[in-house]
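The stops below are given in the order in which to select them.

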Amino acid sequence: MAQSTEMLPNGLQLLQDDRFFKLGQDSVLLSAFAKPRRNAKLLDLGCGTGALALLVWRPDLKITGLELQDGPLDLFRQSITANELENVTALQGDLRQMRTLLPHGSMDYVICNPPYFDRNAGANAPTAEKRTARQDATCSVEELAVAASFVLHTGGKAAFVFRPERLWVLLEALSRVRLVPKRMRFVHQSVQTAPSVVMVECRKGGSAEGLVVEPPLIIESDEYFRIYGIEN
């Protein structure tokens, strides 16, 4: 299988492999949507090869990527070494066993690009590694929400990217574990089309009031190209 190196918009290198899901648009957009505070401890849930963790990287952050599968995690570790990053850690483990992996309330911010499809829906991916990333056979949305809530302290935040047609599934799972949506943004291919992606930032605890729905992000708009570091 062929390996390659992708240069990210922030200048870091991401090592990739055809066996695993490669850098996608949704991770790039979520990294721009997420707003961790300065010096935050940040967890990338189900980090895969580390694309999202590397995209959101800043020198002041302390980043942990948690991944179940050996192959993608090994590639992530190679990227950490290639970029000489001292504030990024790759941790292997099953997020469904979060209580045995990380201390309760130890994180300020969680980011997650979860499997979009129910295990019984969506097109089957060609490999087991890609099926794990695409469909929720190894973790449900509810289990992701529980894991995120466990590691966040009260007032901590989490940002997710998801499919609009399953938005209620995500919101319902978040509400059960005191993760209150505070910001939401839809992504559209054009101003004439329905949204293809939704990004949600939530806060642990607090009032359910005050959700801000931000203006839509249009693919290949000036803002979109700025996120990618492209001058249009």
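Which ring does the charged end of Arg183 sit over? Select Arg183 together with Phe33: the charged end of the arginine lies over the Phe33 ring, 4.0 Å from the ring centre. Bear in mind from here on that this is a predicted model.

Next, select residues 3-7, which are strand β1, and residues 13-17, which are strand β2. The two strands pair in the antiparallel sense, and five bridges join them. To find one of these bridges, pick Met7 and look across to Gln13, its bridge partner in β2. Five residues lie between the strands of this hairpin, and Gly11 has a positive phi near 95°. Now show the surface around β2: the strand is mostly covered, with four of its five residues buried.

**The core and helix α5**

Select Leu43, Leu45, Phe76, Met98 and Leu174. Within the largest nonpolar core, which has 70 residues, these five touch the most other members. Helix α5, residues 141-151, gives the most to this core, contributing seven residues.

Stay with α5 and colour the helix by accessibility. The buried residues are Val141, Leu144, Ala145, Ala147, Ala148, Ser149, Phe150 and Val151. What do the buried residues of α5 pack against? Display strands β3 (41-45), β6 (107-112), β7 (152-162), β8 and β9 (195-204), along with helix α6; the buried residues of α5 pack against each of these elements.

Return to Leu174 and show what surrounds it. Leaving aside neighbours within four places in sequence, Leu174 is in contact with Ala145, Phe160, Leu179, Val200 and Cys202. One of these contacts, Ala145, is also among the buried residues of α5.

Move to the loop between α6 (167-176) and β8 (179-188) and select Arg178. Its phi is near 65°, a positive value in a residue other than glycine. Is Arg178 buried or partly exposed? Its relative accessible area is 46%, so it counts as partly exposed.

Then select Glu220, in the loop between β11 (217-218) and α7 (222-227). Here too is a residue other than glycine with a positive phi, near 65°. Glu220 counts as exposed because its relative accessibility is 57%, and the cut-off for exposed is over 50%.

**The aromatic cluster**

For the last stop, select Tyr224, Phe225 and Tyr228, which form one aromatic cluster. How many aromatic pairs does the structure hold? There are two. In the pair of Tyr224 and Phe225, the ring centres are 5.8 Å apart and the planes stand at 75°, so the pair is edge-to-face. Both of these residues are buried. The rings of Tyr224 and Tyr228 have their centres 5.0 Å apart and their planes at 45°, so this pair is tilted.

Colour the two tyrosines by accessibility to finish. Tyr224 counts as buried because its relative accessibility is 9%, whereas Tyr228, at 24%, counts as partly exposed.

Note on methods: Residues are numbered from 1 along each chain as its sequence is written. This is a predicted model: local features need pLDDT of at least 70, side-chain atom pairs count only at pLDDT 80 or more; totals for chains, interfaces and linings use all residues. Side-chain values use heavy atoms; hydrogens and water are left out. Buried means under 20% relative accessible area, exposed over 50%, partly exposed in between (1.4 Å probe, protein chains only). Two strands pair if DSSP finds at least two bridges between them. A nonpolar core is a set of buried Ala, Val, Leu, Ile, Met, Phe, Trp, Tyr and Cys residues joined through side-chain atoms within 4.5 Å. Contact means heavy atoms within 4.5 Å. Rings of Phe, Tyr and Trp (its six-membered ring) pair if their centres lie within 6.5 Å; planes under 30 degrees apart count as stacked, over 60 as edge-to-face and the rest as tilted. A charge sits over a ring if NZ of Lys or CZ of Arg is within 6 Å of the ring centre and within 35 degrees of the ring normal.
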